[in-house]
Amino acid sequence: MDEFEKFLNQRAKMVDAALDFYLPRENDYPGKIHQAMRYSTLAGGKRLRPVMVMESAKLFGLPFEKVLPTACGIEMIHTYSLIHDDLPVMDNDDFRRGKPTCHRVFGDAVALLAGDALLTHAFSVIARNSDIDGISPLAVIDVIKRVSKDAGSNGMVGGQTVDIESTGVSIDKETLLYIDRHKTGCMICASLWSGARLAEAPAQDLKVMDDYGEKIGLIFQIVDDILDINGDEKLLGKPIGSDVKNHKNTFPSVLGFQESLEMVEKLSQEAKDLVSRFDNNEFFIQLVDFLQSRSY
């Protein structure tokens with residue numbers, strides 16, 4: 001494990017502790033729904049989105065601890081999307097992060113409700129950022145506006161919808177880019193933008209973080225598609241080959257394996273160029289390298 005992965009693990013432990021604090025207690029009535037929420041949210045994971053919130057705030061001079069409520073809220077939204085993705089009516093997956101999926105443990109109905117509850121609870125947690133000294137309530141309102149848009153029908157859910165409609169049929173590159181810029185990219189962009197906005201970054205820098213997020217979101221998804229073909233199930237924590245099983249369009253299937261690799265190289269350089277204007281940009285440069293070369 002290199003130094004960057006150790007750093008991510010350290011940040012992930014901080015996020016896990018904060019998530020444990022912000023989630024309802026598992027014995028709070030009705031216990032079953034709270035147990036399901038905690039089971040999926042605290043099941044591990046890279047915590048990339050909350051770490052992006054934290055590091056983006058830090059880049060613009062705000063201590064990263066101050067944005068933990070927003071970081072946790074965004075991770076709850078991410079977890080809700082995974083719970084719903086795994087359901088039989090969607091991707092019908094049995095494992096996530098090396099553990100049985102939420103619906104396999106708690107049943108389809110409770111899993112569906114756990115996702116609903118996490119999405120709703122997330123905005124309550126993000127709103128708590130306005131109680132923290134040095135954070136503008138207006139900035140928190142802007143974050144809620146942005147995250148709700150990027151999580152909804154004009155963002156992640158919109159991408160998921162087009163993905164479902166495209167399953168089993170041939171699509172062109174532009175449709176594939178739409179799916180992945182929305183299904184995956186929107187919440188990555190929202191994470192980076194939110195940290196910067198809470199730190200009162202100027203408009204031109206918010207735009208840079210958005211553009212950077214779009215590029216690393218595509219890198220993340222292309223590599224994800226490649227790992228679904230040749231990844232290690234033990235490292236990934238889920239079976240490989242699910243895209244083929246579910247007749248999904250992926251970058252290798254639409255563009256070919258070689259062009260997909262070349263696209264990752266091009267996007268990686270463009271992402272690094274975008275953040276080269278900032279001092280103390282080491283995290284964002286290393287993040288590109290990590291996403292490009294990751295095996296899990």
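**Helix packing and aromatic contacts in a predicted model**

Good morning. I begin with helix α7, residues 137-151, and helix α9, residues 173-198, which pack at an angle of about 175° with 9 Å between their axes. That angle makes α7 roughly antiparallel to α9.

I turn next to helix α2, residues 31-41. Of its 11 residues, 8 are buried, so this helix is largely enclosed by the rest of the structure. The buried positions are G31, I33, H34, A36, M37, R38, S40 and T41. Against what do the buried residues of α2 pack? Their partners are α1 (3-22), α4, α5 (102-106) and α6 (108-127).

My next topic is the aromatic residues. The model contains 9 aromatic pairs. In the pair of F60 and F278, the ring centres are 5.4 Å apart and the planes stand at 85°; because angles over 60 degrees count as edge-to-face, the pair falls in that class. F60 belongs to the loop between α3 (48-59) and α4 (68-86), and F278 to the loop between α14 (257-275) and α15 (282-293), so the pair ties together parts that are 218 residues apart in sequence.

Are these two residues buried or exposed? With the limit for burial set at under 20% relative accessibility, F60 counts as buried because its value is 18%. F278, at 9% relative accessibility, counts as buried too.

Ring pairs also join F4, F7, Y212, F283, F284 and F290 into a cluster.

Another aromatic residue, F220, is approached by charged groups. The charged end of R49 sits over the ring of F220, 5.6 Å from its centre. The charged end of R294 also sits over the F220 ring, at 4.1 Å from its centre.

Finally, I come to S260, which lies in helix α14. S260 has a relative accessibility of 0% and therefore counts as buried. Which residues does S260 touch, if those up to four places away in sequence are not counted? They are I222, F251, P252 and L255.

Thank you for your attention.

Technical notes. Residues are numbered from 1 along each chain as its sequence is written. This is a predicted model: local features need pLDDT of at least 70, side-chain atom pairs count only at pLDDT 80 or more; totals for chains, interfaces and linings use all residues. Side-chain values use heavy atoms; hydrogens and water are left out. Axes are lines fitted to C-alpha atoms, for helices over the stretch in contact, and angles run from 0 to 180 degrees between N-to-C directions. Helices (H or I, at least four residues) and strands (E, at least two) are DSSP runs, numbered from the N terminus. Angles under 35 degrees count as roughly parallel, over 145 as roughly antiparallel, 65 to 115 as roughly perpendicular and the rest as oblique. Rings of Phe, Tyr and Trp (its six-membered ring) pair if their centres lie within 6.5 Å; planes under 30 degrees apart count as stacked, over 60 as edge-to-face and the rest as tilted. Buried means under 20% relative accessible area, exposed over 50%, partly exposed in between (1.4 Å probe, protein chains only). A charge sits over a ring if NZ of Lys or CZ of Arg is within 6 Å of the ring centre and within 35 degrees of the ring normal. Contact means heavy atoms within 4.5 Å.
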